[in-house]
Amino acid sequence: MSDTRQSLSDIKEVAGEAAAANAAASEAADAPAEAVVPETPAAPLREQELDKFGRAYATGRRKDAVARVWLKPGTGKITINGRDQEVYFARPTLRLVINQVFTITDRAGQYDIVATVKGGGLSGQAGAVKHGISQAITRYEPVLRSTVKAAGFLTRDSRVVERKKYGRAKARRSFQFSKR
């Protein structure tokens, strides 16, 4: 029994000595490498993705709505299905949802947006346009990806309306009970 304990302690000592030797070797190897390699600015992990017209394209989805979004440098004009955003999204809250991406990234009034939206209601369509703008702005300026992702705008909100089941009035509601 004591032989086993002693051999385990010997193994630990040898492992500790080996780790110390590896650490000293890596420090020695790191020193010349730092002196040889000049410091370069950190490049973005992704490349800029543009079409032949210099626009960034992305698809956004929310509930049943699907938005196709094109982003290009401009004056901040947002066109949805051929209409201005104030006309298409009459409620100010929906316009606020769309412009959240620009306020987070400090790019308000710098890009023109052309979007086509199909399906769903106005709220879902506004969420789809926001998702599409978020994807497109990260394709146009990959440096902004971490900012937009931290705000949670790149994640597709997968919540959808639950389907109606047979034998139920709605998805979960039962028919009214009648005793007589």
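Which residues of H3 are buried? I shall come to that after a word on the model. This is a predicted model, in which local features need pLDDT of at least 70 and side-chain atom pairs count only at pLDDT 80 or more, while totals for chains, interfaces and linings use all residues. Residues are numbered from 1 along each chain as its sequence is written, and side-chain values use heavy atoms, with hydrogens and water left out.

Helices (H or I, at least four residues) and strands (E, at least two) are DSSP runs, numbered from the N terminus. Buried means under 20% relative accessible area, with a 1.4 Å probe and protein chains only. The buried residues of H3 are Leu 94, Arg 95, Ile 98, Val 101, Phe 102 and Thr 105. They pack against strand S3 (78-80), helix H2 (85-88), S5, H4 and helix H5 (145-150), where contact means heavy atoms within 4.5 Å.

H3 itself bends by about 45° at Asn 99, the bend being the angle between axes fitted to the seven residues ending there and the seven starting there. After H3 comes Asp 106, with a positive phi near 55°.

I turn to the aromatic residues. The structure holds three aromatic pairs, meaning rings of Phe, Tyr and Trp (its six-membered ring) with centres within 6.5 Å; planes under 30 degrees apart count as stacked, over 60 as edge-to-face and the rest as tilted. One of them joins Tyr 111 and Tyr 140: the ring centres lie 5.4 Å apart and the planes stand at 75°, so this pair is edge-to-face. Tyr 111 belongs to strand S5 (residues 111-118) and Tyr 140 to helix H4 (residues 122-140), 29 residues apart. Tyr 111 is buried at 6% relative accessibility, and Tyr 140 is buried at 15%.

Notes. Buried means under 20% relative accessible area, exposed over 50%, partly exposed in between (1.4 Å probe, protein chains only).
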